Amino acid sequence: MAVIRLLLLAVLLVAGCSPGPVASPSPAASPAASPAAPSLADETGPAMSTSTPTRVSIPALGVSVPLVGLGLRGDGSMEVPGDAETVGWYTKAPTPGALGPAVLAGHVDFKKRPGTFAHLADLRAGDRIVVDRADGSTATFGVTEVGRYPKDEFPTDAVYGPIDVAGLRLITCGGDFDRAAGHYEDNVVAFATLR
């Protein structure tokens with residue numbers, strides 16, 4: 001179990017991050033406004049069959065983009081999308097709509113361009129996230145919480161741990177960009193459950 005947690009931590013350190021200019025964090029994304037990671041025991045609900053996700057739409061952010069599969073690099077870190085617009089689904093996690101926590105990662109910025117998840121911290125409880133699936137169905141999620149976490153305090157269990165509902169976790173970077181380290185200091189995570 002400790003090896004799995006270390007592997008997941010390595011995945012999280014690069015999820016959706018790119019070196020680039022620092023975007024000013026919104027007031028909603030400030031550490032003082034960040035909620036604690038949601039309790040896994042609070043989540044219950046329905047689930048769908050497994051089906052590969054093909055597109056994610058987030059009406060509140062004006063986002064509608066295709067999804068690509070993200071695996072692991074040789075060093076154990078998660079692959080990240082190769083451009084500012086693309087969002088990736090972590091293929092080692094459940095498919096969106098199936099039982100468990102599906103994980104999508106996108107850039108906050110990429111090569112001096114705003115990324116698709118540049119405003120992820122602006123999501124609010126109740127906002128919809130719609131995932132089109134290869135079987136022709138759609139999985140509609142409602143945001144439950146959005147938090148910003150220092151990378152060394154990432155809520156690994158809340159993001160990747162077992163849950164008894166179809167959950168969705170959207171991850172990007174946030175906070176200040178640490179030029180010496182080459183990455184943002186925090187991660188932003190939006191938690192959602194299947195409606």
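Lys 111 counts as exposed, since its relative accessibility is 65%. Exposed stands for over 50% relative accessible area, buried for under 20%, and partly exposed for values in between, computed with a 1.4 Å probe on protein chains only. The structure is a predicted model, in which local features need pLDDT of at least 70 and side-chain atom pairs count only at pLDDT 80 or more, while totals for chains, interfaces and linings use all residues. Residues are numbered from 1 along each chain as its sequence is written, and side-chain values use heavy atoms, with hydrogens and water left out.

## A loop with two lysines

Lys 111 lies in the loop between β5 (109-110) and β6 (113-114). Its phi is positive, about 50 degrees, although Lys 111 is not a glycine. Lys 112 is found in the loop between β5 and β6 too, and has a positive phi of about 65 degrees, again without being a glycine. With a relative accessible area of 71%, Lys 112 is exposed.

Strands here are DSSP runs of E with at least two residues, and helices are runs of H or I with at least four; both are numbered from the N terminus.

## The barrel

Eight strands form a closed barrel in the order β1-β2-β3-β4-β9-β10-β8-β7, with mixed pairing. From one strand to the next, the twist averages 35 degrees. Such angles run from 0 to 180 degrees between N-to-C directions, with axes taken as lines fitted to C-alpha atoms (for helices, over the stretch in contact). Two strands pair if DSSP finds at least two bridges between them. The table lists some of the pairs.

| Strands | Bridges | Direction |
|---|---|---|
| β1 (residues 53-58) and β7 (residues 128-133) | four bridges | antiparallel |
| β7 and β8 | five bridges | antiparallel |
| β8 and β10 | nine bridges | antiparallel |

β7 and β8 form a hairpin with four residues between them, and Gly 136 in the turn has a positive phi of about 90 degrees. Gly 142 stands opposite Thr 193 in β10.

## The nonpolar cores

In soluble globular proteins, nonpolar side chains tend to be buried together. A nonpolar core is here a set of buried Ala, Val, Leu, Ile, Met, Phe, Trp, Tyr and Cys residues joined through side-chain atoms within 4.5 Å. The largest core has 26 residues, of which Val 56, Ile 129, Leu 168 and Leu 170 touch the most other members. At least two residues of this core come from each of β1, β2 (63-70), β3 (87-90), β4 (100-106), β7, β8, β9 (166-178) and β10 (183-194). A second, separate core of 14 residues includes Leu 70, Met 78, Val 103 and Val 189.

Contact means heavy atoms within 4.5 Å. Leaving aside neighbours within four places in sequence, the residues in contact with Leu 170 include Ile 58, Leu 104, Phe 117 and Ile 129.

## A buried arginine and a buried glycine

Arg 148 is found in strand β8 (residues 138-150) and is buried, because its relative accessible area is 11%. Its side chain makes a polar contact with the side chain of Asp 186 at 2.8 Å. A polar contact is a pair of N or O atoms within 3.5 Å; within protein, one must be able to donate a hydrogen and the other to accept it, and residues adjacent in sequence count only if both atoms are side-chain atoms.

Gly 174, in strand β9, counts as buried because its relative accessibility is 8%. Gly 174 and Arg 148 are 26 residues apart in sequence and 7.0 Å apart in space, C-alpha to C-alpha. Not counting residues up to four places away in sequence, Gly 174 touches residues including Arg 148 and Asp 186.
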